[in-house]
Amino acid sequence: MLFGEVTIYEPEEYATAVAQRLISFASQHGTVNIALSGGSTPQAIFKVLAAGNSNLDNVRFFWADERYVPYDSPDSNFGEAWRLWLSSIRPDREDLFPFAVERDSPQVVAQNYARIVPQNGLDLVLLGVGEDGHTASIFPGDEETRRTDLFAAATVAPFKPYQRLTLTPRYLNLAKHVWFLATGERKRLILKQTASGDQTLPVAWITKPNIHWYLDEPASQV
Ligand code: 6PG
């Protein structure tokens with residue numbers, strides 16, 4: 001069984017439904033600190049949000065992870081969120097806190113990021129799940145990142161783009177809420193493995209927040 005609450009949508013309603021959840025999460029609070037992730041699943045949600053009329057004025061945006069590439073690269077997590085959505089609601093870039101990849105070495109970028117994230121944890125983190133069980137940019141076998149007391153780290157992915165920045169399990173576990181987003185048949189196997197309690201998977205290292213899995217029908221047939 002997956003740890004946390006599980007909600008399953010039809011593929012064609014998924015992005016709209018999660019976008020709606022996000023808007024309603026943000027509307028229930030004052031200032032809300034939310035971290036976004038990269039990957040294709042959030043992109044569909046960003047497109048829906050861009051087409052809507054919610055500015056999420058009270059939201060400060062952080063990133064759960066980033067690829068160490070320029071913002072104008074198609075691989076940039078901040079860049080994709082900016083191009084698809086955020087440029088329309090935050091044209092002046094106010095309240096956007098991406099990893100400052102354009103300035104320093106990955107290690108220094110991570111150190112600086114650990115200082116700017118809310119020190120008592122985020123209100124909500126959106127995370128994806130890779131087919132190898134990675135989440136954010138925390139990859140299987142990376143015991144150092146698993147155990148560090150630092151809030152952010154530079155990591156190396158087993159596939160391109162190799163150099164990554166990520167919030168650590170230590171920090172992600174301070175969040176109030178984590179939503180895991182996974183869609184499509186290709187996620188079935190890893191979700192099954194996660195549900196079986198495999199503790200070697202980075203996705204299983206996030207246990208403290210209120211966890212909610214948003215899946216679509218094909219992914220959920222575990
Ligand atoms: C990234 C991520 C990563 C992602 C998963 C799932 O920058 O690649 O944040 O952890 O969430 O790989 O990605 P998909 O949504 O594309 O399946």
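How many nonpolar, polar and charged residues are in the lining of the second largest pocket? The lining has 9 nonpolar, 1 polar and 3 charged residues. The legends below take up this pocket and other sites in a predicted model.

**View 1. The second largest pocket holds about 210 Å³ of space.** It is lined by 13 residues, and those closest to its centre are Pro98, Phe99, Ala100, Arg103 and Ile116. Strand S5 (96–97) gives at least two residues to this lining, and so does helix H4 (106–116). H4 is the top contributor, with 4 residues.

View 2. Around the ligand stand 17 residues. Ser40, Thr41, Asp65, Ala136 and Lys187 come nearest. Two elements, helix H2 (40–51) and strand S4 (65–67), each supply at least two residues of this shell. By class, the shell has 10 polar, 5 charged and 2 nonpolar residues.

**View 3. Side chains of Asp65, Arg67 and His134 reach oxygen atoms of the ligand.** For Asp65, a polar side-chain atom lies 2.7 Å from a ligand oxygen. For Arg67, an N or O atom of the side chain is 2.7 Å from an oxygen atom of the ligand. For His134, a polar side-chain atom lies 2.7 Å from an oxygen atom of the ligand. On its own, the ligand has 420 Å² of accessible area, and the protein covers 91% of that. Asp65 is also among the residues that come nearest to the ligand.

**View 4. The largest pocket has a volume of about 480 Å³.** Its lining counts 28 residues, with Gly38, Gly39, Ser40, Arg67 and His134 closest to the centre. Helix H2, strand S4 and helix H3 (77–89) each give two or more residues to this lining. The largest share, 4 residues, comes from H2. Sorted by class, the lining has 12 polar, 10 charged and 6 nonpolar residues. Two of the residues closest to the pocket centre, Arg67 and His134, return from the previous view. The side chain of Arg67 has an N or O atom 2.7 Å from a ligand oxygen, and a polar side-chain atom of His134 lies 2.7 Å from a ligand oxygen.

**View 5. The model has 1 cavity of 30 Å³ or more.** Rolling a probe the size of a water molecule over the atoms shows where empty space is left. The volume of the largest cavity is about 30 Å³. Its lining is made by Ser37, Gly38, Gly39, Pro42, Gln43, Phe46, Asn77 and Glu80. H2 and H3 each give two or more residues to this lining. H2 supplies the largest share, 3 residues. By class, the lining has 5 polar, 2 nonpolar and 1 charged residues. Gly38 and Gly39 line this cavity, and they are also among the residues closest to the centre of the largest pocket.

**View 6. The peptide bond from Lys160 to Pro161 is cis.** Its omega is near -15°. Where does Pro161 lie? Pro161 is in the loop between strand S7 (152–156) and strand S8 (163–167). Most residues other than glycine have a negative phi, and most peptide bonds are trans.

**View 7. Asp95 has a positive phi.** The angle is about 65°, although Asp95 is not a glycine. H3 is among the elements that give two or more residues to the lining of the largest pocket, and S5 supplies at least two residues of the lining of the second largest pocket.

How values were computed:
Residues are numbered from 1 along each chain as its sequence is written. This is a predicted model: local features need pLDDT of at least 70, side-chain atom pairs count only at pLDDT 80 or more; totals for chains, interfaces and linings use all residues. Side-chain values use heavy atoms; hydrogens and water are left out. A residue is near a molecule or strand if one of its heavy atoms lies within 4 Å of it. A polar contact is a pair of N or O atoms within 3.5 Å; within protein, one must be able to donate a hydrogen and the other to accept it, and residues adjacent in sequence count only if both atoms are side-chain atoms. Accessible areas come from the Shrake-Rupley method with a 1.4 Å probe; for residues, only the protein chains shown count as cover. Ala, Val, Leu, Ile, Met, Phe, Trp, Tyr, Cys and Pro count as nonpolar, Asp, Glu, Lys and Arg as charged, and the others, Gly among them, as polar. On a 1 Å grid over the protein atoms alone, a cavity is a set of points where a 1.4 Å probe fits but cannot get out, and a pocket is an open set with protein on both sides within 12 Å along at least five of seven lines; lining residues have an atom within 4 Å of a point. Grid points are joined across faces, edges and corners, and a volume is the space filled by probe spheres set on the points.
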